[in-house]
Amino acid sequence: MEYDKASLKTVHQLFIKGEYEEAQPILESLVKAQPDFLLYQLKLKECQSKLNNANTLLKQAETALGQQDHVKALENAKLAIEADKNCHKAYKIAEQAAIELSLFDEAKQLWLSQPATKITATPITRQHNPALPKQFVLPPVIGAGNDYRHILEQASIYDSNHYTKTVSIIMPVYNRHQILANTLAALTHQTYPKELMQIIVVDDGSHDEVLEFIKKYEPMLPIYYARQIDDGYRLAAARNMGLKLATGEAIIFMDADILPYPKDIESYMQVLHVTEQAVLIGHRRYVDVSKITDDMVLADISVATNLPSINPNNDVADRKNTQGVSIDWRYPVYEKTHYLTSDLWPFTKAAGGNIAFARILLDKAGYVDEDFQAWGCEDGEHGYRLYNIGAYFIPMLNIECLHQEPLDEIVSEPATGESFRAVGHKITKQILARKCPAPIARKQYPDLAFEVPKVSIYIPVYNAENYIIDAVQSCLDQDFDDLEVCICNDGSTDQTLERLEQHFSDNPKVRWFSQPNGGIGKATNAAIAFCRGMYIGQLDADDRLKPEAVRTCVSVLDKTLVDAVYSDYDFIDEQGNGNYVRDGWCGGHFSHDWMLTGMLASHFRMFRKRIVARANIQCDEQIKNAIDFDFWSKISEAAHIQHIHQVLYSYRWHGQNTSIQHRKVQEKNHLKVVANSFKRRQIDTFWIAHPTHNPLNPREIKIIPIKNLTPVQASDVIFLIPIDDPYAKKTEAIRQTWANQLKDKSFRYFFLVGDPKLKFSQVIEDLLYVPCTNYYESQLLKLALGYQFLYTHFDFQYVYKLNDDCYPNIAKIISEILPQLAGKQYVAGVVEPKNSQVNVHQHFEKCSHPKFNQPFQFSTIPFAFAKAEYGYFLRKDILPVIFEHTNLFRDELNHGVYSYEDIKIAELLNKREIIVEPLDHYNISSFEQNIAGKTLVYDIKTPNILKKIQF
């Protein structure tokens, strides 16, 4: 009988290597093809016997490891490996047991001898993290990139009766005495307290009567005057002179020709009272002031503010609206970038003639660069430095000052036919390119010698004399030149420092400093602080970068809104340049949920400097291991992160690696990092990370709810009452009654109103306005926006959603309802049971437009849900489940899809296994019935009934 010699030869070779799992399918195929051939059957039985023996030994090893009999676990696991060299789990048990026995060399050899694995062609797509219960909701990232909405929303809450911050307004001027006088006259009308203002006029060597007008306004304004000699265009130096004299907690750059409206300074300062991380951008419209005087402005500012817009004859006012009138050049940009929230380089919109920022930002970023001695770009370079330390750039749409025309400068140069602006800009754009690495400034000048690198690669090093040169050289061998290498020598006692000096002392791209040994966390923090680049990459002193690593990461950060990236890696051995061992672990697609419980971001890692500067992210210097997990957990809380499915890094495995030598300490620190993240995210009130004590994976944890929570107080609850336009006539009476009843009860409450003209949500007194229509069909979107606002800006435990035709018995809410809430996520006064009917007609007839005529998703509800008119409580931590669908709700409305909000909210929560629970002792009544002893009165028809309610 013929037999397959080639296949049997392959099986024989696999048997020699102990790779029985690989041999088994080959033999099964041979037996199936020739079932009567005895040799095939015998070989298959032998293979199965070996595998059964390996499985038995593996189970014994696993049991021994669970019983902490590490000697027996190591022995049986090694026997299982002998029986089946492809048994990955046996290697893992043996390695763990060897580490528990402090047999680090053996653990190293076990690791190296594992069968090689290759990273798959497609990255891992992660499903639900099994460490998290379905009811657990991770807080969303707020304020990533230039998404500043939370700042403007917070500013709307700030009490304008309690302004405390001082502001210095710096006004450069050159030969524009009358225009300056108009501006000073306008400043006398400002609503911001004068005692908190300092006005600094900096004269750039004027030859007209500037000083006379300073004297004129000294009795009316807190005004200071400084002067420098006329030595050419020195706007940067003039601003710096003003900055050196400034004493304010906030700075406003306002050119002399910028005439502010009365509330402009207050508008700036209201925002700067709630943040020190923003550059506020004012705007301008062009007016002809040739027919007014400062005395006229002083008497009545409306003579200026009522001036019509004009089209000035200069080369910086060439943007026009559809009526042909000049508009601020940034307005069209805003439309394309969602008002800069999706702009990669928002600092380019912060023209220095009308901006505001906190003094603390200036202290971090430095003064204006005086290398700029021609028109333009000094504000762009200064803006870049403010951007790089984490500032948000916020367009203040309510600030549109008057740019006074005609200007006094010469329109064109006779020799060139170009304005002084155009001539100067050719010079300053090249200076900007040398100092600003953003592609918007640098891409036009690839051959310039750059002063500031685009990328910094940091290397903390301690006693790495054998590998440090190879690591640094892998950075210099990149196919991307715009970089530097920043090394912190953490008190090395070997020849590390000498080797750096020998090989790189003449290379300006390699910079280093030394400090006393302080550990990896302290060295990492110092190395990052030493970096000058816009993007920062991490390289360990004993590892290597692939030649395309930096360019690949930069190409993502240059073009997308992500703040950090990470790649895949492979392993190399300890020999010289390192020989390939096998592919590393692939972190796969990024997931905030998975990053919460374990380090997902594998090497190579790169992040924007601005994100760590903004959130003041540093390594925990008190822990020796889990440093990277700690650092990237903090980045994950503040940033959007992207995985690059490409091997860009080589991790050297030499047996002294932390993952072997200090694994036990790392296991303890892993849990500590997770616990600290819970505290920062403010979810430790309800949830705790608990170790599973899995002997094979000691770092495995489970997130479990905290029991025995403290009772809920009135101050822990916010009432939210939506008001719709058709019923707005009741609003004022309801507001007055609520205010009287809730006085001194510690409850907080807001009436929720939609306003489609708004760009962002805001609070005015007890009204919470959100950017949407205020009709019946918008209720779901309106609630989602309201929940998001409350979640972002207030400290509370529960939001109590109540219809505007309801009124609660406050005493019974406190005495009977609040004691039932502790620990519950979704609680209702009245719960509609599963399979209840929906009155479709009743809801559609309330919609404002006939386009909302599509049938509901359900006519018979497949789950229990809370009835809004009787009120329901949502715990704060579950609100993101609702408002993360805001864009979907808005799109549905645009397409005529109406969702009954109570049912939709219950549906979303049910998908997370958050089920509504009914409240006991929650009695309801209409006003016409006896309300004695009731918890809630509902269906209030007229405002007058409110006044008759007596509980």
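This is a predicted model: local features need pLDDT of at least 70, side-chain atom pairs count only at pLDDT 80 or more; totals for chains, interfaces and linings use all residues.
Figure 1. Residues up to four places away in sequence being left aside, Lys867 touches Val830, Glu832, Tyr872, Tyr900 and Asp902. One of these partners, Tyr900, returns in the next view as a member of an aromatic pair with Phe856.

Figure 2. The structure contains 34 aromatic pairs. In the pair formed by Phe856 and Tyr900, the ring centres are 6.4 Å apart and the planes meet at 45°, so the arrangement is tilted. Phe856 belongs to the loop between helix 31 (840–844) and strand 28 (865–866), and Tyr900 to the loop between helix 33 (886–894) and helix 34 (901–911); the pair therefore ties together parts that lie 44 residues apart in sequence. Both partners are buried: Phe856 has a relative accessible area of 13%, and Tyr900 has a relative accessibility of 7%. Ring pairs also join Phe856 and Tyr900 with Tyr776, Phe865 and Tyr898 in a cluster.

**Figure 3. The edge-to-face pair Phe858–Phe863.** The ring centres of Phe858 and Phe863 are separated by 5.6 Å, and their planes stand at 90°, so this pair is edge-to-face. Phe858 is buried, its relative accessible area being 18%. Phe863 is likewise buried, with a value of 9%.

**Figure 4. The largest nonpolar core and a second, separate one.** The largest nonpolar core comprises 131 residues, of which Ile169, Leu184, Ile199, Val550 and Met606 touch the most other members. Strand 8 (residues 392–405) provides the largest share of this core, with seven residues. In soluble globular proteins, nonpolar side chains tend to be buried together.

**Figure 5. Contacts of Ile169.** Ile169 is one of the residues that touch the most other members of the largest nonpolar core. Beyond its neighbours within four places in sequence, Ile169 is in contact with Leu187, Met197, Gln198, Ile199, Ile200, Ile252, Met254 and Ile265. Ile199, one of these partners, is also listed among the core residues that touch the most other members.

Figure 6. Helix 8 spans residues 177–187, and nine of its eleven residues are buried, so the helix is largely enclosed by the rest of the structure. The buried residues are Ile179, Leu180, Ala181, Asn182, Thr183, Leu184, Ala185, Ala186 and Leu187. Of these, Leu184 is one of the residues with the most contacts to other members of the largest core, while Leu187 is a contact partner of Ile169.

**Figure 7. The cis peptide bond between His603 and Phe604.** His603 and Phe604 are joined by a cis peptide bond, for which omega is about 5°. Phe604 is placed in the loop between helix 23 (592–597) and strand 16 (605–608). Strand 16 covers residues 605–608, and Met606 is one of the residues touching the most other members of the largest nonpolar core.

Figure 8. Although His338 is not a glycine, its phi is positive, at about 50°. His338 is found in the loop between helix 14 (331–336) and strand 7 (354–358), and this residue is exposed, with a relative accessible area of 55%. Gln682, also a residue other than glycine, has a positive phi near 60°. Gln682 is located in the loop between helix 27 (663–681) and strand 18 (687–691); with a relative accessibility of 60%, Gln682 counts as exposed.

**Figure 9. Overall setting of the close-up views.** The protein has 35 helices and 32 strands, and its C-alpha atoms fill a box of roughly 110 × 90 × 55 Å along the principal axes. Of its 951 residues, 56% are buried. Among contacts between residues at least 6 apart in sequence, 76% join residues at least 24 apart.

Methods:
Residues are numbered from 1 along each chain as its sequence is written. Side-chain values use heavy atoms; hydrogens and water are left out. A nonpolar core is a set of buried Ala, Val, Leu, Ile, Met, Phe, Trp, Tyr and Cys residues joined through side-chain atoms within 4.5 Å. Buried means under 20% relative accessible area, exposed over 50%, partly exposed in between (1.4 Å probe, protein chains only). Helices (H or I, at least four residues) and strands (E, at least two) are DSSP runs, numbered from the N terminus. Contact means heavy atoms within 4.5 Å. Rings of Phe, Tyr and Trp (its six-membered ring) pair if their centres lie within 6.5 Å; planes under 30 degrees apart count as stacked, over 60 as edge-to-face and the rest as tilted.
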